Amino acid sequence: MKIFLFIIFLFFNFFVTDSYNSLDCAEIPPALWCKNDKVKKECGFDKLCNRYERRMTNQTLKITLLYEALCPDCQEFILGPLHDVYTHFENYIDLELVPFGNAKYDEKTKKITCQHGEEECKVNKYEGCAINFLPKPFHFIFCLESKLEKGYDLKKAAPTCLEYVKADVHAIDLITHCFNGEQGNKFQLAYFKRTLEAYPDEHEHVPWLYFNDISLHSAQIYQSILPQTICQWLVTDNLPDVCYKENINEDDSIEISDEINDNEEYEEETKKSTDTSEEDSKDEYRTSTEEDEY
């Protein structure tokens, strides 16, 4: 009898109990491979997971945004989710802005055709110059796109936003020269090439994100849960406080009207200046000096 009970004990201990503790590694979603040491070790994921963790420990996560001016979906993303992410994760991400989107470049004529017309091309070019000459260009892009969404044109929006980000005279001069000259066109060509670098999946729409230079169609779903995604992918013992909230998106959004305080007196003076000089400078966009159109 004792021998029989001992056999039952062995069977339960080695077969029944083991079935509860075993892992079917083939059924574990890839997103969970590196989340638990036992899973990593038992399923053989540890080598790849450890490689990622060694490379990314205390490193910023690179996020590349392909977008275009005057695009409602791009504006919604920039003014909403991306602004919230930049607010909470500025020191944890390397944000690359690529203002070209679905525009087309003709190799023969060397001309760019934009989805939303010539005005989009102008704004893309201006934003490209600002990105290259402002130390923290996202704040300017955020401001400018919010103004454009409200119906402002570039002539009226640009000086307001340069004032908003407290751009110095030197930076403003560089942006002006860039926009009115060939340098702005060279930047647009560079953004066109950067857009073509999408790999392994080509971009299909805007906004479109690369993560650490990887472009995946399936990864675009992370646009709607970007804060949670960043919290999961960062490898650091010093995560931002927002990662410990039960609902990261709760009460984190900022009203655009509260974020950007329009200087009505400044804009009225700008409008008068623009009206008096419009005939002499229809095609020029200047942002500094006394005779500037802005």
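Colleague: Is the crossing of H4 and H10 left-handed or right-handed?

Modeller: This is a predicted model, in which local features need pLDDT of at least 70, side-chain atom pairs count only at pLDDT 80 or more, and totals for chains, interfaces and linings use all residues. Residues are numbered from 1 along each chain as its sequence is written, and side-chain values use heavy atoms, without hydrogens and water. A crossing is left-handed if the near helix is turned anticlockwise from the far one by less than a right angle, and right-handed if clockwise. For H4 and H10 the crossing is right-handed.

Colleague: At what angle do helix H4 and helix H10 pack?

Modeller: H4 covers residues 72–89 and H10 residues 226–233, and their axes are 10 Å apart. Axes are lines fitted to C-alpha atoms, for helices over the stretch in contact, and angles run from 0 to 180 degrees between N-to-C directions. The angle for this pair is about 35°.

Colleague: How many residues of the contact of H4 with H10 are nonpolar?

Modeller: Phe 77, Leu 82, Val 85 and Phe 89 of H4 meet Leu 226, Pro 227, Ile 230 and Cys 231 of H10, contact being heavy atoms within 4.5 Å. Ala, Val, Leu, Ile, Met, Phe, Trp, Tyr, Cys and Pro count as nonpolar, Asp, Glu, Lys and Arg as charged, and the others, Gly among them, as polar. In this contact no residue is polar or charged, and the number of nonpolar ones is eight.

Colleague: Which side chain of opposite charge is nearest to Glu 127?

Modeller: Glu 127 lies in helix H5 (residues 118–133), and beyond its neighbours within four places in sequence it contacts Tyr 67, Pro 99, Ile 141, Leu 144 and Glu 145. Glu 127 is buried, that is, under 20% relative accessible area, where exposed is over 50% and partly exposed in between (1.4 Å probe, protein chains only). It has no salt bridge, meaning a side-chain nitrogen of Lys or Arg within 4 Å of a carboxyl oxygen of Asp or Glu.

Colleague: What is omega for the cis peptide bond between Tyr 199 and Pro 200?

Modeller: Pro 200 lies in the loop between helix H9 (182–196) and strand S5 (208–211); helices (H or I, at least four residues) and strands (E, at least two) are DSSP runs, numbered from the N terminus. Pro 207 is placed in the loop between H9 and S5 as well, and a cis bond joins Val 206 to it with omega about 0°. For Tyr 199 and Pro 200, omega is about 5°.

Definitions and conventions
Lys, Arg positive; Asp, Glu negative; His and termini not counted.
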